[in-house]
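This briefing covers helix packing and aromatic ring pairs. Please view the sequence and the structure together before reading on.

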Amino acid sequence: MILDREKALRFLKEQRKLMNYMNSTLSVVSWDTEVMAPEEAIDYRSEVIGYLSSNYHQLTTDYRIEQALGVLLSEEDKFNLYEQRLIEEFYNIYYKNKKIPESLQKELSMATAISNKSWKRAKEKGDYELFKPHLARVIDLLKQQAVCVGYEGHIYNAFLDNFEKGMTVEELDEIFADLKEGLVKLLAELKEAKQLSFRRPKGPFSKESQSQLALYILNQMGYRIHEAGRLDETEHPFTAFLGPKDIRITTHYYENSIEGALFSTIHEGGHAIYDQNMPHDWAEYGVNEAPSMGLHESQSRFYENIIGRSLPFWRAYFPKLQEFMPSYQSVSLEEFYQMINEVSPSLIRTEADEITYSLHIIIRYEIEKLMVSGEVGIDELPMIWNQKYKEYLGVEPKNDAEGLMQDVHWAEGMIGYFPSYALGNLYGAQFYHQMKKELPQLKDEIESGNLSIVFEWLKQNVHSYGKVYTPGQLVEHVTKEPLNPKYFLDYLREKYLNLYHL
């Protein structure tokens with residue numbers, strides 16, 4: 001029986017430590033499943049993941065947590081900020097997970113592992129029918145989970161809460177409406193401009209050369225790959241937090257183009273740097289995490305686009321790219337800059353330009369809402385997907401591999417995650433606006449190849465706070481105002497009107 005304040009705090013910190021250990025174990029097994037495991041190992045591996053997930057669930061629903069909270073909540077005005085966050089986290093985790101049957105949590109973990117395997121096979125064959133029953137199962141289990149936990153308003157709020165806590169459909173609809181209006185207006189202006197002119201080198205580009213370039217740029221960004229990371233190849237790039245000093249990333253190489261691997265690697269590097277710079281000394285308080293996936297995506301999208309597709313960045317690093325990729329020696333810096341920033345509606349989200357990218361996200365957001373509310377059935381998804389791509393972007397997939405099966409998120413049960421990418425664009429642009437105000441020499445430093453100025457500003461102002469603040473609190477703390485889509489739209493207008501000479 002936990003009767004006093006000190007024992008209650010000590011118990012929660014120890015329980016948090018055990019949860020961290022279990023999360024690391026799950027991450028190691030999941031990473032190995034994605035990167036190293038042979039195909040025939042997946043079914044058994046899914047059982048292992050289910051077992052570990054069940055154990056994690058038990059840790060989060062231990063009856064002693066309620067005892068500790070009962071003691072601490074009666075004295076909540078006596079705690080420092082880290083202790084407050086620990087108590088708040090356990091309150092949210094305990095009362096949420098207590099509503100979810102352990103058997104359901106285990107079944108969902110196993111279903112997503114098998115669904116992931118099915119997705120890979122179905123995508124290779126372009127056959128949605130192979131994936132459909134597994135996707136249906138995952139959606140059904142997620143909806144059961146949402147009902148167990150409970151939600152207000154739209155059922156999608158329960159899904160959003162897993163990734164962007166506190167955000168609602170009502171708020172997101174308003175944000176995305178403003179964002180969509182601004183993007184559509186800018187796209188219409190660019191359609192009237194003279195098209196960019198450049199020569200795109202043809203492959204093949206060896207994986208070895210692409211990997212060497214990726215490793216070089218990651219090192220310049222500040223990702224500690226040799227001491228605390230790895231770079232591997234998977235079908236869909238991702239970042240895995242295996243422990244405070246073990247942050248691994250993956251990419252995917254294409255022999256006919258360098259851009260896919262190049263920018264997805266920079267993207268994942270942004271995630272990894274954020275994780276490496278978290279306040280890990282305070283891990284027992286549960287604050288060494290991002291406050292939301294939107295904040296996490298702000299760092300990856302920031303590095304990928306605002307830095308990685310900028311002219312100052314390539315003034316510093318284009319000669320090194322030409323060294324690794326000799327066929328680019330006949331391409332000028334100006335041509336390359338145009339090449340990597342050309343605005344052209346496309347089918348694949350991860351290859352989309354900065355302007356149309358958020359429209360890819362809005363499409364997924366709208367489909368997810370329809371999917372979880374039951375307004376469209378599992379059989380209708382390819383048709384709905386194709387219709388929206390034609391309406392929003394003027395393109396239509398030839399098959400489901402380049403359509404609704406292009407992303408792994410639904411196979412992994414990550415419904416509600418996609419809005420984080422678009423929110424990340426907004427957070428990142430607002431941080432960039434503040435960074436430029438505080439660092440008037442920023443452009444010159446980046447042109448000289450000094451990315452440490454970016455690394456240190458983000459570490460000090462964003463990374464080091466971890467989960468101490470909520471997303472809204474962090475944005476206001478750093479930029480002195482709430483999240484505002486205006487900064488992202490202003491950034492796009494300035495960059496692309498100049499690029500297209502408008």
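Which residues do ring pairs link into a cluster? The cluster consists of F205, Y216, F313, W314, Y317, F318, F324, Y328 and F336. The model is predicted, with local features requiring pLDDT of at least 70 and side-chain atom pairs pLDDT 80 or more, while totals for chains, interfaces and linings use all residues. Residues are numbered from 1 along each chain as its sequence is written, and side-chain values use heavy atoms, without hydrogens and water.

**Aromatic pairs**

- Rings of Phe, Tyr and Trp (its six-membered ring) pair if their centres lie within 6.5 Å; planes under 30 degrees apart are stacked, over 60 edge-to-face and the rest tilted.
- The count by this rule is 27 aromatic pairs.
- F302 and Y303 form an edge-to-face pair, at 5.9 Å centre to centre and 85 degrees between the planes.
- Both F302 and Y303 are buried (under 20% relative accessible area; exposed is over 50%, partly exposed in between, with a 1.4 Å probe and protein chains only).
- The pair of Y465 and Y469 is tilted, because the ring centres are 5.3 Å apart and the planes stand at 50 degrees.
- Y465 has a relative accessible area of 23%, so Y465 is partly exposed.

**Packing of α2 and α5**

- Helix α2 (residues 42–60) packs against helix α5 (residues 102–125) at about 150 degrees, with the axes 8 Å apart.
- This angle makes α2 roughly antiparallel to α5 (under 35 degrees is roughly parallel, over 145 roughly antiparallel, 65 to 115 roughly perpendicular and the rest oblique).

Technical notes:
Axes are lines fitted to C-alpha atoms, for helices over the stretch in contact, and angles run from 0 to 180 degrees between N-to-C directions. Helices (H or I, at least four residues) and strands (E, at least two) are DSSP runs, numbered from the N terminus.
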